[in-house]
Amino acid sequence: MTLSVNDVRRIADLAYIEINEEEAKAMLTQLSGIFNLIEAMQSVDTSTVEPMFHAQSVVQRLREDEITETDQRELCQSIAPQVEAGLYLVPQVIE
Amino acid sequence: MQWEIVIGLEVHAQLSTRSKIFSGASTAYGAPPNTQACVVDLALPGVLPVLNKGAVEQAIKFGLSVDARINSSSIFARKNYFYPDLPKGYQISQYELPVVQGGNIQIQVGKVEKNIRLTRAHLEEDAGKSLHEDFHGMSGIDLNRAGTPLLEIVSEPDMHSSEEAVAYAKTLHALVRWIGICDGNMQEGSFRCDANVSVRPRGTEKFGTRCEIKNLNSFRFLEKAIDYEARRQIEILEDGGIIRQETRLYDANKDETRTMRTKEDANDYRYFPDPDLLPLEITQSWIDQLKEALPELPPARRRRYVNEFGLSAYDANVLTNSREVADYFENTVKHLPTQAKLCANWIMGEISGQLNKEGIEITDCPISPAQLGALLTRISDGTISGKAAKSVFESMWNGELDKNVDAIIEAKGLKQISDDSAIEKLVDEVLAANAQQVSDYRNGKEKAFNSLIGQVMKATQGKANPAQVNAILKKKLTG
């Protein structure tokens, strides 16, 4: 699969990342490199291999439905760039 | 051309666990912002999700109650998209191998029963909330809701009118509350519907292009949004246009749907198995144990009410809308087993009317099933008339005389006169005082008879049995 600058722009849009023309071109080179890597992996014939959902054959451990966390808002928000009225403030994104 | 509407629903039911699906933070509604968002919910580096057993059990219970398959092994996946109220940059959901697959829900529309097939039901986490108002051009993020367990219940496109869609949503709503896995509070967003709507020429097989309407948080909006959307699509097609596949929002103020995003801007969610979570194993003995603890379900109760109590399908349906109402009904019938219909009528009539008027639930009803049973016993043994019973009911509701039925009947003097001779005496008096109407009646004026009945009832202060008065009066007039 060949990637175009337009694809890069669309991916950036979906990720809400602003990139300029030069960055888009640089990204294209890097992303194409990753795609080549994936293509190389996909050329391996896996038709006889059973799909695996996890690298280890162990099952999920469960926890009881109990509240074990206490309010740590102050501590958590001490590293936030901007907070107000208990909320984390972020650049506005409206869908 | 005749058009057929095709509807499938996706319902997000918030599971009523104490803690979140992958963290030990509380799920209680209405806490101050971010006081219930722990480091796992905030997606700080290095944290790992640990699955809540309670959430899995509630999903299994749901699957069992709709006769679905419970997958013995199921997988969690990352659904990737970027939005500020989703701090990880992905939502943990299920894609391949959900906990619940298939299943059926029986709905009733008017007198017709219909089966709606379920595609699947899977576990996932909720996102946080974005507040866009007045933060100097920035958005405020509250992550208390992030990580709250949801069960997404997906139906097949088996519904063909807004009426059927609403009946399905209501049946599902009643069921999740019945089995205690969701509080069903739609204002607080505990039960949210998305509707997939398309239209096709009647009699054809191929589905039309569908539009998805998001976030319908009341049954009325669900109905209106589907009606509007179907009309919109039919108009476009009849004008020779084509439907664009898109996500739309329902605007309740304008009663219309409008484009939210088109297919071109749609996210590619790039689902893949979440390496932080191992496959979830569900053993048969665990399923059996949960099955054992499941209450009798609405369809079984409906059948029992029809077969055992002789109620109509409609009555049985109304009474099983909630487990609380059904329990109240059964606890009332216990006191007069042969009068199930009378009990049903009073619960669906007086009780439910009064509860609605005061905006309270049946669990807070001031009249207990035993007290209602005592009142209805006095109707069925002929002590009081149905009309007098309503007055006793009012006194009981207001807590008069310790809600003692017999004491209230006594105090209000509502005991029915059923003694023939007492009524005959009153009839004689009325006939003597109304010679004109008596002769009118004998000359063929039927109306005069009703007026005489009225006079007698008045003389008894409404305490005589009207049928009895009727018979005695007729006998006297023709005799």
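Reader: How many helices and strands are there in chain B?
Author: Happy to start there, and please keep in mind that this is a predicted model. Both kinds of element occur in chain B, and the count comes to 15 helices and 18 strands.

Reader: Is chain B a compact globule or more spread out, and why?
Author: For 479 residues the globule rule gives 23 Å, while the radius of gyration of chain B is 30 Å, well over that value. Along the principal axes, its C-alpha atoms fill a box of roughly 95 × 55 × 50 Å. Because the radius exceeds the rule's value so clearly, chain B is more spread out than a compact globule.

Reader: What share of the residues in chain B is buried?
Author: A residue counts as buried when 20 or more other C-beta atoms lie within 10 Å of its own. Of the 479 residues in chain B, the buried share is 39%.

Reader: Which element gives the most to the side of chain A that touches chain B?
Author: In this contact, 31 residues of chain A meet 40 residues of chain B. Strand S1 (62–63), helix H3 (73–77) and strand S3 (87–91) of chain A each supply at least two residues of that side. With five residues, the one that gives the most is S3(A).

Reader: Which strand of chain B pairs with S3(A), and in what sense?
Author: Tyr88(A) stands opposite Ile141(B). The two strands pair over four bridges, the partner covers residues 138–142 of chain B, and the sense is antiparallel: the strand is S11(B).

Methods. Residues numbered from 1 in each chain as written. Chains lettered and ligands numbered in written order. Predicted model: local features only at pLDDT ≥ 70, side-chain atom pairs only at ≥ 80, totals over all residues. Rg over C-alpha atoms; globule rule 2.2 N^0.38 Å. Buried ≥ 20, exposed ≤ 12 C-beta atoms within 10 Å, placed from the backbone. Contact = placed C-beta atoms within 7 Å. Pairing = 2+ DSSP bridges.
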